[in-house]
Amino acid sequence: MKIGFALIPQDCIVEQIINFEKRFHDSGDFSHSLGTESNLPHITLFQGEMNEMFDYVAMADSLSKFFIEQELSPIVNFSKIVYVEKGWYFLMCDSSDFLLSMHNFVLRHIEPYIVLPQDRMERNIAGLTKNQYEAILRYNYRYAAEAFCPHITIGRSTQKDTLLLKNMNEDFSKMFKSSMISKITVYKMGQNGTHESTLYEIKI
């Protein structure tokens, strides 16, 4: 099963992100629209294919318990919109003890269950950093471990558009800069790793 673990901002911020994507959807020629039911805006902690022995409900419950025990502050700060090859427009999150701790907890506990396709290194890996290459090799996920890069995907296009990126950042500069995290979700991975549907969620 191909699933992901994510952190979801508070509802009012989710709504703003969805509306933000709508304003640039056509000019950016984005492949997907964000929404509350499908393609929910999220910060991925990890995503990939898991074997049949994996219990994602127990994993999510353990993550929630870890969050409570560590007394972590569930606040995420956002910085800017960036373009990442090939075609991705990300809303970047500032690194924090909260995000790193949650990511590392998930990674430690799911590693034995990750399915590693034999051909995973045969994909186009041009432009990857050393950490990203090693993350794919070990976890089959580009943004794992030292390559962790917390972000919310706004959209995917066919190429970089410098003017679009400028306009998006000008628009974002007038918007929110932080959010409380409202819940942890386990999601079914859609095309390009989207949060296609929620399989399980816990409010935090």
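Which residue in β6 is the bridge partner of Ile75?

A: The bridge partner of Ile75 in β6 is Met180. Before going on, note that this is a predicted model, in which local features need pLDDT of at least 70 and side-chain atom pairs count only at pLDDT 80 or more, while totals for chains, interfaces and linings use all residues. Residues are numbered from 1 along each chain as its sequence is written, and side-chain values use heavy atoms, with hydrogens and water left out.

Helices (H or I, at least four residues) and strands (E, at least two) are DSSP runs, numbered from the N terminus. Two strands pair if DSSP finds at least two bridges between them. Strand β3 covers residues 75-84 and strand β6 covers residues 178-189; they pair in the antiparallel sense over 3 bridges. Strand β3 also pairs with strand β4, residues 88-93, again in the antiparallel sense, over 5 bridges. In this second pairing, Val84 stands opposite Trp88 of β4. The hairpin of β3 and β4 has 3 residues between the strands, and Gly87 there takes a positive phi near 95°. In a regular strand the side chains alternate between the two faces of the sheet.

A salt bridge is a side-chain nitrogen of Lys or Arg within 4 Å of a carboxyl oxygen of Asp or Glu. The structure holds 6 salt bridges. In one of them, Glu201 pairs with Lys183, with the closest N and O atoms 3.4 Å apart. This pair links distant parts of the chain, since Glu201 is in strand β7 (residues 195-203) and Lys183 is in strand β6, 18 residues apart. For accessibility, buried means under 20% relative accessible area, exposed means over 50%, and partly exposed lies in between (1.4 Å probe, protein chains only). Lys183 is buried, because its relative accessible area is 16%, whereas Glu201, at 36%, is partly exposed.

Another salt bridge joins Arg23 to Asp171, with the closest N and O atoms 3.0 Å apart. Arg23 belongs to helix α1 (residues 11-28) and Asp171 to helix α5 (residues 162-172), so the two are 148 residues apart and link distant parts of the chain. Arg23 is partly exposed, at a relative accessible area of 44%.

Cysteines complete the picture. A disulfide is a pair of cysteine sulfur atoms within 2.5 Å, and by this rule the count comes to 0. Cys12 is in no disulfide, and the nearest cysteine sulfur, that of Cys93, is 15 Å away. Cys93 is in no disulfide either; its nearest cysteine sulfur belongs to Cys149 and is 8.5 Å away. Cys93 counts as buried because its relative accessibility is 7%, while Cys12 counts as partly exposed at 40%.
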